[in-house]
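Please look over the sequence and the model before reading on.

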Amino acid sequence: MSNPFVRKYYYTILIFGLIASFALQYTFITEVGFPNIHKLTVAGGNPGFLSGDEGGSYSGYILSFIMGIMFISMLTERNSLEGQSFIIAVAMMLGNAAAYPFLVILNELTPFLSVLIGLTLFVNFVYVVMIYRKSIELGINPWTRW
């Protein structure tokens, strides 16, 4: 392994990856087929599963989770702040956190989405900390660099 970050934190990354993968797989498998968690009546019956849904919350947070991991990878590969800033990292994390209350209010939060949102916010937080530390290391004020 040539990447010093991966070399240094290999076992931490491996354990986190395994735990995250298990949690996501387990909760997704229990929800696949769009379970009728709100006990909606369809054609006079109460099916255990619905035929489909828009999937926006699922796909949005899956993409945000993957992007968070990719941003961390980009920072470690470049070892610079080229194309990245602390303020944008914080905005990304706050934007991902902002959707959570809407899922709660609309009563659309499921176990899979709860795990996915938690993992997404964790990855976002790690990225924010890494960007902040890199800014300080380079002598850049993280609050003024866009």
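The mean pLDDT of the chain is 85. Its largest nonpolar core has 23 residues, and α5 gives the largest share of this core, ten residues.

**Confidence**
- Of the residues in the chain, 88% reach a pLDDT of 70 or more.
- Confidence is highest in helix α5 (residues 111-137), at a mean of 94.
- Confidence is lowest in helix α2 (residues 10-31), where the mean is 84.
- Where pLDDT is low, the predicted coordinates should not be read in detail.

**Nonpolar core**
- Within the largest nonpolar core, the residues with the most contacts are L24, F65, L75, L116, Y127, V128 and I131.
- Two or more residues of this core come from each of α2, α3 (56-78), α4 (86-105) and α5.
- The largest share, ten residues, belongs to α5.
- L24 is in contact with F65, F112, V115, L116 and L119, leaving aside its neighbours within four places in sequence.
- In soluble globular proteins, nonpolar side chains tend to be buried together.

**Helix α5 and its salt bridge**
- Helix α5 has 27 residues.
- From its first C-alpha to its last, α5 reaches 39 Å, close to the 39 Å expected at 1.5 Å a residue.
- The count of salt bridges comes to one.
- That salt bridge joins the side chains of E137 and K134, at 3.0 Å from N to O.
- Both residues, E137 and K134, lie in α5, three residues apart, about one turn of the helix.
- Side chains of opposite charge can pair when their charged atoms come close.
- E137 counts as exposed because its relative accessible area is 58%, over the 50% cut-off.
- K134 counts as buried because its relative accessible area is 8%, under the 20% cut-off.
- Just after α5, G139 takes a positive phi of about 75°.

**Start of the chain**
- N3 sits in the segment before α1 (4-8).
- N3 has 11% relative accessibility, so N3 counts as buried.
- The N3 side chain makes a polar contact with the side chain of E77, at 2.7 Å.
- Leaving aside neighbours within four places in sequence, N3 is in contact with T76 and E77.

Conventions: Residues numbered from 1 in each chain as written. Predicted model: local features only at pLDDT ≥ 70, side-chain atom pairs only at ≥ 80, totals over all residues. Heavy atoms only, no water. Helix = DSSP H or I, 4+ residues; strand = E, 2+ residues; numbered from the N terminus. Buried < 20%, exposed > 50% of the residue type's maximum accessible area, 1.4 Å probe, protein only. Polar contact = N/O pair within 3.5 Å; in protein donor to acceptor, adjacent residues only side chain to side chain. Contact = heavy atoms within 4.5 Å. pLDDT = per-residue confidence, 0-100. Salt bridge = Lys/Arg side-chain N within 4 Å of Asp/Glu carboxyl O. Expected span 1.5 Å × (residues − 1). Core = buried A, V, L, I, M, F, W, Y, C linked by side-chain atoms within 4.5 Å.
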